[in-house]
Amino acid sequence: MTEPSAEVIRGSTRPAVTEPSAEVIRSSTRLRSVPLVPEIQLYQASEPMSVWQQTEQATGRIGLDPPFWAFAWAGGQALARYLLDHPEAVTGRHAIDVASGSGLVAIAAVLAGAAAVTAYDIDPLAAAAIAVNADANGVAVPTVLADVRLHDDLPSPGTDLVLVADAFYEQELAAEVLRLAERSRDHGAAVLIGDFGRAYLPRARLVPLASYDVPGLRVLEDADVKHTTVWTLR
């Protein structure tokens with residue numbers, strides 16, 4: 001394996017962990033298949049608090065972002081499953097994966113035939129996780145550290161597919177992601193969203209495409225199985 005690396009966008013206001021280490025990811029998680037998408041393996045944690053503590057100790061920093069990158073969330077699993085089952089939705093396209101986390105959706109897009117996929121996340125450890133996860137699945141996913149709320153220039157020219165999963169849990173973030181999605185659609189890009197119906201999901205603006213029962217989520221959600229939908233914009 002080559003040592004993964006992440007591209008860092010200039011101008012980000014987020015504090016960065018110096019040289020995010022692939023070893024931090026590997027030592028605090030275990031490489032396992034994703035329940036709904038067994039074709040893909042990710043470095044995953046068994047529960048949130050211990051991996052949070054381990055990464056803070058390993059990096060020598062406190063107050064790190066929650067380790068969203070250490071789990072395969074319901075929306076990401078559903079969207080990844082959809083892409084693999086419907087390669088016509090992604091084949092040959094230039095995609096961005098917003099708030100990529102573990103990189104599950106981006107990896108699925110590459111495996112489904114995307115021409116190129118760039119992952120965006122604000123957390124340097126997520127960038128490291130995306131890199132090691134992509135490497136574990138034999139693909140390349142360039143990763144950019146950026147807060148989409150601060151970048152009105154997204155999507156970049158040539159992007160014709162925008163992927164979003166599990167990004168509607170906080171009101172301000174949800175509003176900004178929706179604006180990005182609508183701007184992308186207005187520029188001719190397709191938009192696919194994976195979400196089980198979080199508090200700020202704009203259901204009235206969306207059309208359901210497919211639904212899946214995503215198992216094994218008791219440690220993350222209020223139920224072990226979450227009925228999760230893949231949506232597109234009206």
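Hi everyone, let me start with a lining: in the largest pocket, the lining residues divide into 18 nonpolar, four polar and nine charged. Here Ala, Val, Leu, Ile, Met, Phe, Trp, Tyr, Cys and Pro count as nonpolar, Asp, Glu, Lys and Arg as charged, and the others, Gly among them, as polar.

A word on the source: this is a predicted model, where local features need pLDDT of at least 70, side-chain atom pairs count only at pLDDT 80 or more, and totals for chains, interfaces and linings use all residues. Residues are numbered from 1 along each chain as its sequence is written, and side-chain values use heavy atoms, with hydrogens and water left out.

Back to that lining: F68, A99, D121, D166 and Y169 lie nearest the pocket's centre. A pocket is an open set of points on a 1 Å grid over the protein atoms alone, where a 1.4 Å probe fits, with protein on both sides within 12 Å along at least five of seven lines; lining residues have an atom within 4 Å of a point. Strand 4, helix 4 and strand 5 each give two or more residues to this lining; helices (H or I, at least four residues) and strands (E, at least two) are DSSP runs, numbered from the N terminus.

Now, helix 4, residues 104–111. Six of its eight residues are buried, so the helix is largely enclosed by the rest of the structure; buried means under 20% relative accessible area with a 1.4 Å probe, protein chains only. Those six are L104, V105, A106, I107, A108 and A109. Just after helix 4, G113 has a positive phi of about 115°.

Finally, L163 touches V105 and A109, among others, with contact meaning heavy atoms within 4.5 Å. Thanks, everyone!

Terms used: Buried < 20%, exposed > 50% of the residue type's maximum accessible area, 1.4 Å probe, protein only. Lists of a residue's contacts leave out its neighbours within four places in sequence.
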